[in-house]
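Colleague: I would like to learn how to read a few local features from a structure. Could you take me through some of them?

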Amino acid sequence: MARNATVLVVEDDPTVRELVTFHLSRSGFAVLEAGDAASAWPLLERADAVVLDWMLPDLSGVGWLRRLRAGGHAATPVLMLTARASEVDRVEGLEAGADDYLVKPFSAAELVARVRALLRRVHPIRRLEVGRLTVDLDAARVTVGGDVVALTRREFELVAFLAGHPERVFTRGELLDRVWGEDFVGTERTVDQHVAQLRARVGAQRIETVRGRGYRLVDVDARV
């Protein structure tokens, strides 16, 4: 999206709401907060996505979700974030209109990744954000915390590909095929060299080595 996406967090527990807001904000989202269903309604028009608790004080999250879907907000992506973990609860939440379902306690990195995945379904992707790392596909520019990072064309293509699949592990062979192309003549050592160069520019911890498998780009900011 051309601007940072806005996520509405509907959660009655102040501690959980603060935690979710913190990690979403650190990952580049604008966040609106509501502690109950009634206060969430007027904020809905400004939200690109919703993170919704089930157990709200005035109306269940499932009840609120059904009203949302019936009231002209069929396209707004909703992630249910709840302690209700049974299969019956998951099915009820999804059938009520949730696009995704995440059980508490939750991983902050997974929460952020799931919200991004929901937004990708409804908005064209021209800018990729993984924590404070931003890849502007139109401008072919990468920034970390707002600071522009100078990259070669191949380094940009590599980080753009990884940013399009955050937290996913790719082997060296897969990266050669997807970034360099199947016609590339060379060795997998080429990938190692470019990863080393990228780490020096965007931060070593952002690109993890998964022993025996390959590399992945991670949201280190959500793990703080």
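**Reading strands and burial**

Modeller: This is a predicted model. Start with a hairpin: strand 10 and strand 11 form one, with three residues between them. In the turn, glycine 212 has a positive phi of about 80 degrees.

Colleague: How many bridges join strand 10 to strand 11?

Modeller: Four, and the strands run antiparallel. Strand 10 covers residues 207-210 and strand 11 covers residues 214-217.

Colleague: Which residue in strand 11 is the bridge partner of isoleucine 207?

Modeller: Leucine 217 is the partner of isoleucine 207.

Colleague: What should I know about side chains along a strand?

Modeller: In a regular strand they alternate between the two faces of the sheet.

Colleague: Is valine 50 buried or exposed?

Modeller: Buried means under 20% relative accessible area. Valine 50 has 1%, so it counts as buried.

Colleague: Which residues does valine 50 touch, leaving out those up to four places away in sequence?

Modeller: The contacts of valine 50 are Leu8, Val10, Leu44, Trp64, Thr76, Pro77, Val78 and Leu79. As for leucine 32, it is 18 residues from valine 50 in sequence, and the C-alpha to C-alpha separation is 9.3 Å.

Colleague: Why does glutamate 129 count as buried?

Modeller: Because its relative accessibility is 15%, and the cut-off is under 20%. Glutamate 129 is in strand 6, residues 127-130.

Colleague: What joins the side chains of glutamate 129 and arginine 127?

Modeller: A polar contact of 2.9 Å links those two side chains.

Methods: Residues numbered from 1 in each chain as written. Predicted model: local features only at pLDDT ≥ 70, side-chain atom pairs only at ≥ 80, totals over all residues. Heavy atoms only, no water. Pairing = 2+ DSSP bridges. Helix = DSSP H or I, 4+ residues; strand = E, 2+ residues; numbered from the N terminus. Buried < 20%, exposed > 50% of the residue type's maximum accessible area, 1.4 Å probe, protein only. Polar contact = N/O pair within 3.5 Å; in protein donor to acceptor, adjacent residues only side chain to side chain. Contact = heavy atoms within 4.5 Å.
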